[in-house]
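Work through the exercises below with the sequence and the coordinates open. Each task is followed by a stepwise solution.

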Amino acid sequence: MKRFFIQIALYLCASFAAAQNYKIEGSAPDMEGKVVYLGDMKSRSNFEKIDSALVSGGLFCMEKPLTEVKRITISIGRSTKTFLLDENPIYITYLLKEEQVKGKSVRLPEITVKGDKDQELFELMTKTLSQEMYAMLAISFMGKDKDVNAPENKALADSIGEIYITAKENTRKIFDSIVTHHRDSYVSGLILNDFLAKERSVAEIQNLYEQLSDRVKQSNVGQTLEKTIQGMQVVGVGKQAPDFMLETPEGERLLLSALRGKCVLIDFWASWCAPCLREAPNIKRVYEKYRDSGFEVLSVSLDERSDQWKQAIRKHGLDWLHVSSLKGWKCPVAKLYQVSAVPAMFLIDREGNIVSTGVRGRMLEQEVEKLCK
């Protein structure tokens, strides 16, 4: 009987959540008669609209059933702003502010979002990620056209390393603070799922998940995190990397376990994946530097055509181990490792244990250096 009432309570709670609306009220006096759009920013050129409102009397309003808590973007004129869409009232202001640009006075648009505490935390999360991105851009410019591993560039390498470490440490501190002190926050769930789960052990993520409020756990954010944790039980940090066997471009079968004793980067990619190809030079640099110290790269392609797969390997000089099922997203190894997007990378130590699931850029070299000492 007790279980029955608990189930009814959970059902009613879920039904209530499903029946909630989002409500956005806004002010845009400079956009009178114009339409404001709400949608998912899939990419710079792909904005998927889900709602709209006409600016009348300098004001606009949007209200519809809330199907899920998520990142959302509002588009006003040529400006956009991403924020957290949830069940709490959201207030948006669009203003043209006077600014001095090259000695001339110009009016530049500014969008501000106000709401509950979660909006503040979402803004903090976004700002922190932007600061880290700017640091990475600075690093890329500093190291452009220079061999940072050359002895004469040691000072430059040290500076780049310091910038990288400081940026990552700042992000870690802020994210840890949010998750620790704001357990009734959707943002804590987003941070756990989208960032911390890629570099922390399953035990730590499970413990932090259990500390979240029931409101967050029962939301789609909490449910997604729960599924991520279930997946981490198989391919999370600290777990033994599941063994698999696929064919090489030469038609030979290769077992992951045959590489035991080496530090291995399992790199899920595809010839059609632009971000994968942008990351390839970094993998190549790290591979050439540490291959003699026991570092190996095993790239698992999600291509479907053998010719395109092999051509990409040759064209981009990816001179390491390659395997593929040539089944695209139906690749059994991609499913085994729960890969839903590429590039996806798993760094494995000499004993076959997963030490990281989010290694890219400078982080890859740092982690490989630790393992290959």
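The model is predicted, so local features need pLDDT of at least 70 and side-chain atom pairs count only at pLDDT 80 or more, while totals for chains, interfaces and linings use all residues. Residues are numbered from 1 along each chain as its sequence is written, and side-chain values use heavy atoms, with hydrogens and water left out.

**Exercise 1. The chain as a whole**

Describe the secondary structure, extent, burial and contacts of the chain.

Step 1. Helices (H or I, at least four residues) and strands (E, at least two) are DSSP runs, numbered from the N terminus. The chain has eleven helices and 15 strands.

Step 2. The C-alpha trace spans about 75 × 70 × 40 Å along its principal axes.

Step 3. Buried means under 20% relative accessible area, exposed over 50%, and partly exposed in between, with a 1.4 Å probe and protein chains only. Of the 373 residues in the chain, 43% are buried.

Step 4. Contact means heavy atoms within 4.5 Å. Taking contacts between residues at least 6 apart in sequence, 63% join residues at least 24 apart.

**Exercise 2. The cysteines**

Find which cysteines form a disulfide, and settle whether Cys331 is buried or exposed.

Step 1. A disulfide is a pair of cysteine sulfur atoms within 2.5 Å. The structure holds one: Cys273 and Cys276, with their sulfur atoms 2.3 Å apart.

Step 2. The link of Cys273 and Cys276 is right-handed, with 80° about the S-S bond. Both Cys273 and Cys276 are buried.

Step 3. Cys331 is in no disulfide; the sulfur of Cys276, the nearest cysteine sulfur, is 13 Å away. Cys331 counts as buried because its relative accessibility is 0%.

Step 4. Cys61, by contrast, has a relative accessible area of 42% and is therefore partly exposed.

**Exercise 3. Helices α4 and α7**

Determine how α4 and α7 pack, and which residues make the contact.

Step 1. Axes are lines fitted to C-alpha atoms, for helices over the stretch in contact, and angles run from 0 to 180 degrees between N-to-C directions. Helix α4 (residues 186-194) packs on helix α7 (residues 220-235) at an angle of about 25°, with the axes 9 Å apart.

Step 2. Angles under 35 degrees count as roughly parallel, over 145 as roughly antiparallel, 65 to 115 as roughly perpendicular and the rest as oblique. Therefore α4 and α7 are roughly parallel to each other.

Step 3. A crossing is left-handed if the near helix is turned anticlockwise from the far one by less than a right angle, and right-handed if clockwise. The crossing of α4 and α7 is left-handed.

Step 4. From α4, the contact uses Tyr186, Gly189, Leu190, Leu192 and Asn193; from α7, Val221, Thr224, Leu225 and Thr228.

Step 5. Ala, Val, Leu, Ile, Met, Phe, Trp, Tyr, Cys and Pro count as nonpolar, Asp, Glu, Lys and Arg as charged, and the others, Gly among them, as polar. The contact of α4 with α7 has five nonpolar, four polar and no charged residues.

**Exercise 4. Helices α5 and α7**

Carry out the analysis for α5 and α7.

Step 1. Helix α5 (residues 202-210) meets α7 at an angle of about 155°, and their axes are 10 Å apart. The two helices, α5 and α7, are therefore roughly antiparallel.

Step 2. The crossing of α5 and α7 is left-handed.

Step 3. Val202, Ile205, Gln206 and Tyr209 of α5 make the contact with Gly222, Leu225, Glu226, Ile229, Met232 and Gln233 of α7. By class, six residues are nonpolar, three polar and one charged.
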